[in-house]
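Morning, everyone. I'll take one model today and walk through a few of its contacts. Have it open while I talk.

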Amino acid sequence: MNTISVVHLSKRYGDTLAVDDIGFEVSRGRTLGLLGGNGAGKTTTIAMLLGLLIPTSGSITILGHDMAKDRFAALARMNFSSPYVALPGRLTVEENLRVYAHLYGVRGIDRRIGELAEQLDLGALLNRAAGELSAGQKTRVALAKSLINRPDVLLLDEPTASLDPDTGDLVRSWLERYRAESGCTILLASHNMAEVERLCDEVVMLKQGRVVDRGAPADLLERYGRDDLEQVFLDIARDRALTQEAT
Amino acid sequence: MNASVMASGQRVWGLMYRHLALFRRSWPRLLELAYWPVLQMCIWGFTSSFLATRQGSPAALAGGALIGGVLLWEVSLRSQMGMSITFLEEIWSRNLGHVFVSPLRPFELVAALIGMSAIRMFAGVIPAALLAWALYAFNVFAMGPVILLFFLNLMVMGWAVALAVISLILRHGAGAEALAWSVLFGLTPFAAVFYPVSVLPLPLQWVAFIVPASHVFEGMRAALGGVIAWDQLALAVGMNVLWLAGAAWIFRRQFQVARTRGALMTIGE
């Protein structure tokens, strides 16, 4: 059974069709990349997967739960990280993690915070206000928050945006390790094509709300005759046909 | 205890802890809670004292009603503001997205907001009540145990109004924020805080009839005279049940509309 199953999903705002009849599946322990330019429908799709937004039509099933009827059962086993959604800046890192540990029903909160602090090198930050941290530190804290409940499904919206290469690599390594150890299913929206190539088993390309292509990164590279996913992304974004000679 | 009830309680506590942690490190926030109720008590308490010294015992009774009115009306005001502002804190910190994708149910969010509202209200009203006792020898508890029913009814009315304000914020975003401070003040003329309902013109007496607080304040004036007006308390409870049911319906509906329109993703922007 697929961990995430999206069938004929659409979202309409007035005359605008933000997501147009898309579908995909992700099985346990796999990572799916959701790619597309600005306005392609990635954020809208993630919001519907998280239950923040009610679809106009279609269905979403996560961990066997229909998100239209039983989203809270799934949400307890999911988590989410995005640099565009902040954590309360006046609370310390430890207080923030404690809040979300309670919200997600974590048992052994002190132990779990200690584990995450050790694994993500947050020990020195625990007593600092979240609002005073650097972008890289905030991303590590956001990642710790997203792992507080040992999620079976992790939704990541540009998890390494605004990070220096060293910190970005640290985060990617940590995600690879967590997935290998836990069997977590990850859905990743990113504009960093190297990151997508490294982390994703499959990629869904969105454009103007529609799925325009999909496949494993290696298959897409071969199909488009390109050396890296960024060129494939540009081919799709600029409507260059598959058969057209790469320039 | 049932495991799902325990889990629900843990989520409610999680959100309350987030707001209590803010107060733990910020004395100006704590001071702000008591500032306005204490200031009101100073102004109206000295006014009452002045009236009592100039005009004798009937004015002293009126002075007592004035101080009692100020104190009890603060219960409603602080309850309403405490709940609305706690919700606004989530918007201001851009944290609402994380809260709404957690397993926290909407009714648990409301329960946490009510819990914080009660804490904020007591932190504001208790210093004012102590001041009334110390400066004007006005003991609000001299009215007897019925005062607890007055408190409860005024708190519930504040929560119902706050739920309606939060619904408007969900519907209209930051544009409706100002209502968190102002909306209940608009009901003051019909709440019969400082004068009996009979003073109002007849059409306005009907408006006052549907405001739960007007029955509480009629009851308070009776209690100051040594009488417990159970009929007024029953009307206050009845109106509060209607107000709370109406506000809960509006909140539930606006929450669904917000999820349909995508407002939970953009609220506060």
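Start with Gln232(B). Its side chain makes a polar contact with the side chain of His215(B), at 2.9 Å. Keep in mind that this is a predicted model. Gln232(B) belongs to helix α10 of chain B, residues 230-261. Is Gln232(B) buried or exposed? Its relative accessible area is 19%, under the 20% cut-off, so Gln232(B) counts as buried. What else does Gln232(B) touch? Leave aside neighbours within four places in sequence, and the contacts are His215(B), Glu218(B) and Gly219(B).

Now salt bridges. The count over all chains is 19. I'll pick out a few.

First pick: Glu94(A) with Arg98(A), side chain to side chain, 2.9 Å from N to O. Both sit in helix α3 of chain A, residues 93-103. They are four residues apart, about one turn of the helix. Arg98(A) is buried at 17% relative accessibility. Glu94(A), at 23%, is partly exposed.

Next, a pair across chains. Arg24(B), in helix α1 of chain B, reaches over to Glu95(A), in helix α3 of chain A. The closest N and O atoms in this salt bridge are 2.7 Å apart. Look at the accessibilities. Arg24(B) is exposed, with a relative accessible area of 59%. Glu95(A) is buried, at 3%.

Then one within chain B. Arg11(B) and Glu108(B) form a salt bridge, with closest N and O atoms 2.8 Å apart. This pair links distant parts of the chain, 97 residues apart. Arg11(B) is in helix α1, and Glu108(B) is in helix α5, residues 106-136, both of chain B. Both partners are buried. Back in chain A, salt bridges with shared partners join Glu94(A), Arg98(A) and Asp110(A) into one network.

Last topic, the sheet in chain A. Six strands, open, mixed pairing. The order is β6-β7-β8-β3-β9-β10. Which strands stand at the edges? They are β6 (78-81) and β10 (210-215). Each has a single partner strand, so one side of each is left without a neighbour in the sheet. The twist averages 15° from one strand to the next.

Zoom in on β9(A), residues 202-207. Five bridges join β9(A) to β10(A), and the two run antiparallel. Met205(A) stands opposite Asp213(A) in β10(A). Helix α5 of chain A, residues 135-146, packs on the sheet. That helix touches β6(A) and β7(A), and its direction makes about 170° with that of β6(A).

That's my tour. Questions, please.

Definitions and conventions. Residues numbered from 1 in each chain as written. Chains lettered and ligands numbered in written order. Predicted model: local features only at pLDDT ≥ 70, side-chain atom pairs only at ≥ 80, totals over all residues. Heavy atoms only, no water. Pairing = 2+ DSSP bridges. Axes fitted to C-alpha atoms, helices over the stretch in contact; angles between N-to-C directions. Contact = heavy atoms within 4.5 Å. Buried < 20%, exposed > 50% of the residue type's maximum accessible area, 1.4 Å probe, protein only. Polar contact = N/O pair within 3.5 Å; in protein donor to acceptor, adjacent residues only side chain to side chain. Salt bridge = Lys/Arg side-chain N within 4 Å of Asp/Glu carboxyl O.
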